Amino acid sequence: MTENADEKFMKEAIKQAKEAMAKGEVPIGAVIVYEDRIIARACNMVETLNDATAHAEMLAFTSASQEAGKYLNQCTLYVTLEPCPMCLGAAFWTQIRRIVFGASDNRNIIANKNDILHPKTIVQGGVMENECSQLIKDFFKSKR
C-alpha cells in the first residue's frame with residue numbers, strides 16, 4: 001500500500017477514536033482493510049461494555065472475521081495507538097498480514113514484542129503519529 005492509502009485508512013481509524021472519546025472511552029480506533037476496502041471498524045468499548053478486553057483491535061478482529069474468515073492474512077489493521085500485548089496476541093492468532101499504527105505507546109513497544117507477532121506480519125508505525133498522539137494527550141488532559 002502506498003503512504004497515501006495508509007493515511008486514508010488511518011483517518012478512518014481516527015474517526016473511530018473520536019467516537020470512543022465522545023463516549024468517555026480512551027480514544028483508540030481501528031479499522032481492518034481487505035482488498036482496499038474497510039471490512040471492520042471499531043473503537044475502544046472497555047467502559048461501555050464493562051469488559052477489559054474490549055479494545056478497538058479486539059472488536060475489529062471479531063467483526064472482520066465475520067467477513068474474511070478466522071484468518072486475516074490478507075488484511076491490514078490500522079490502529080491509532082500501538083497495540084498492547086493482548087491485542088498483539090490476538091493479531092498473531094488472526095495471522096493479520098500487516099499492522100499500521102499511529103502513536104507509539106512506550107509501555108507496549110512492538111519492537112520488543114516481535115516474538116508475539118506472526119512471522120509473516122509486517123508492522124509500520126508512525127502513520128499520522130502527531131494526530132493520533134494528540135487525541136490521547138487531549139483525553140488524559142481533560143481527565144486531570
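The structure is a predicted model, in which local features need pLDDT of at least 70 and side-chain atom pairs count only at pLDDT 80 or more, while totals for chains, interfaces and linings use all residues. Residues are numbered from 1 along each chain as its sequence is written, and side-chain values use heavy atoms, with hydrogens and water left out.

A compact globule of 144 residues would have a radius of gyration near 15 Å, and the protein, at 14 Å, agrees with this. Here the radius of gyration is taken over C-alpha atoms, and the globule rule is 2.2 Å times the number of residues to the power 0.38. Along the principal axes, the C-alpha atoms fill a box of roughly 40 × 30 × 30 Å. The accessible surface comes to about 7,600 Å², with 49% of it belonging to carbon and sulfur atoms; such areas come from the Shrake-Rupley method with a 1.4 Å probe, and for residues only the protein chains shown count as cover. Of the 144 residues, 48% are buried, where buried means under 20% relative accessible area, exposed over 50%, and partly exposed in between (1.4 Å probe, protein chains only). With a contact defined as heavy atoms within 4.5 Å, 58% of the contacts between residues at least 6 apart in sequence join residues at least 24 apart.

The secondary structure consists of five helices and five strands, assigned as DSSP runs (helices H or I, at least four residues; strands E, at least two) and numbered from the N terminus. From that terminus on, the order of elements is α-β-β-α-α-β-α-β-β-α.

Two strands are taken to pair if DSSP finds at least two bridges between them. Strand β3 (residues 75-81) pairs with β4 in the parallel sense over five bridges, and in β4 the bridge partner of Thr 76 is Arg 98. Arg 98 also has a bridge partner in β5, namely Ile 122. Strand β5 (residues 122-124) runs parallel to β4 and is joined to β4 by three bridges. Together, β3, helix α4 (residues 85-94) and β4 make a right-handed β-α-β unit: with the strands pointing away from the viewer, the path from the first strand over the helix to the second runs clockwise.

The cysteines come next. A disulfide requires a pair of cysteine sulfur atoms within 2.5 Å, and by this rule the count is zero. For Cys 43, which is in no disulfide, the nearest cysteine sulfur is that of Cys 87, 13 Å away. Cys 75 is likewise in no disulfide, the nearest cysteine sulfur being that of Cys 87 at 16 Å. Cys 43 counts as buried because its relative accessibility is 6%, and Cys 75 is buried with a relative accessible area of 1%.

Two backbone angles remain. Most residues other than glycine have a negative phi. Asp 36, although not a glycine, has a positive phi of about 65 degrees. Asp 36 lies in the loop between β1 (29-34) and β2 (37-43) and, at 46% relative accessibility, counts as partly exposed. Gln 95, also not a glycine, has a positive phi of about 60 degrees. Gln 95 is found in the loop between α4 and β4, and its relative accessibility of 26% makes it partly exposed.
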